[in-house]
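Here are my notes for anyone opening this one up for a first look. Have the sequence and the 3D view side by side as you read.

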Amino acid sequence: MSVQITNRSKPVDRRPMNWVERLYLVNIFKGMAITLKHFFKKKVTIKYPEETRPFSKVFRGLHILNRDEEGREKCTACGLCAVACPAEAITMEAAERQEGEEHLYREEKYAAKYEINMLRCIFCGYCEEACPKDAIYLSQTFTPANYQRKGFIYKKDDLLIPNPVTDPEGYKKALGTISREKEGV
Ligand code: SF4
Ligand code: SF4
């Protein structure tokens with residue numbers, strides 16, 4: 001004997017259909033009534049990518065390597081972000097700043113190579129928290145889709161934010177501040 005756990009089970013009606021049921025008209029009209037009911041309801045979908053939803057204030061998106069207000073790279077290749085990363089997604093190579101490069105790098109050491117494997121990243125934000133130089137930042141944009149695995153290995157050029165001096169709009173867009181300004185955050 002089967003034991004009924006809830007009262008939601010429905011016995012299956014196995015009797016043969018009569019000619020009215022075989023026309024399916026009643027069921028078609030029932031279905032159309034449900035469609036019509038939803039037709040006038042507020043849409044839950046949006047026309048992406050023309051429309052986008054506002055992100056939460058705490059959204060952690062694509063990483064950027066930050067620059068200071070003079071456009072100099074802030075990262076000193078100290079490696080703290082890589083150590084803090086639980087997914088071991090960050091690798092880098094340090095280099096010494098040469099004379100005449102003061103306008104490019106803020107500190108005496110900089111990251112000659114910097115890579116993040118986005119397939120490993122879990123967007124926890126630990127790298128941002130670990131950075132003593134405010135050099136890495138999880139922006140309000142997200143990682144675009146790609147057909148190739150290697151397309152998800154973001155190199156320094158992919159991560160480095162546009163120069164705020166020469167490209168202020170691009171800088172704001174990468175930071176995500178344009179969308180936040182629209183929301184009045
Ligand atoms: S967000 Fe987390 S997982 Fe991704 S690179 Fe930073 S520390 Fe690693
Ligand atoms: S991003 Fe920050 S923590 Fe990571 S190497 Fe550069 S300065 Fe150090």
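1. Some housekeeping first. This is a predicted model, where local features need pLDDT of at least 70, side-chain atom pairs count only at pLDDT 80 or more, and totals for chains, interfaces and linings use all residues. Residues are numbered from 1 along each chain as its sequence is written, while chains are lettered from A and ligands numbered from 1 in the order in which they are written.

2. Start with ligand 1. It has 14 residues around it, and C85, C121, C124, Y126 and C127 are the closest; to be near, a residue needs its C-beta atom, placed from the backbone, within 6 Å. The shell splits into 13 nonpolar, 1 polar and no charged residues. Here Ala, Val, Leu, Ile, Met, Phe, Trp, Tyr, Cys and Pro count as nonpolar, Asp, Glu, Lys and Arg as charged, and the others, Gly among them, as polar.

3. Now ligand 2. Its shell also comes to 14 residues, with C75, C78, C81, C131 and I136 nearest. This one divides into 11 nonpolar, 2 polar and 1 charged.

4. C78 sits in the loop between β1 (63-65) and α3 (80-84), and C131 in the loop between α4 (126-130) and β4 (136-138). Helices (H or I, at least four residues) and strands (E, at least two) are DSSP runs, numbered from the N terminus. Buried or exposed, what is C131? It is buried, with 20 other C-beta atoms within 10 Å, whereas C78 has 18 and is partly exposed (20 or more is buried, 12 or fewer exposed, in between partly exposed). Leaving out residues up to four places away in sequence, C131 touches L80, C81 and I136, with contact meaning C-beta atoms within 7 Å.

5. Finally, the sheet. It is open, with 3 strands in the order β2-β3-β5 and antiparallel pairing (a pair needs at least two DSSP bridges). β2 (90-96) and β5 (153-154) are at the edges with a single partner strand each, so one side of each has no neighbour in the sheet.

6. As for the bridges, 7 of them join β2 to β3, including T91 with E115. Strand β3 (residues 109-117) and β5 share 2 bridges: I116 partners Y154, and N117 stands opposite I153.

Notes:
Two residues are in contact if their C-beta atoms, placed from the backbone, lie within 7 Å.
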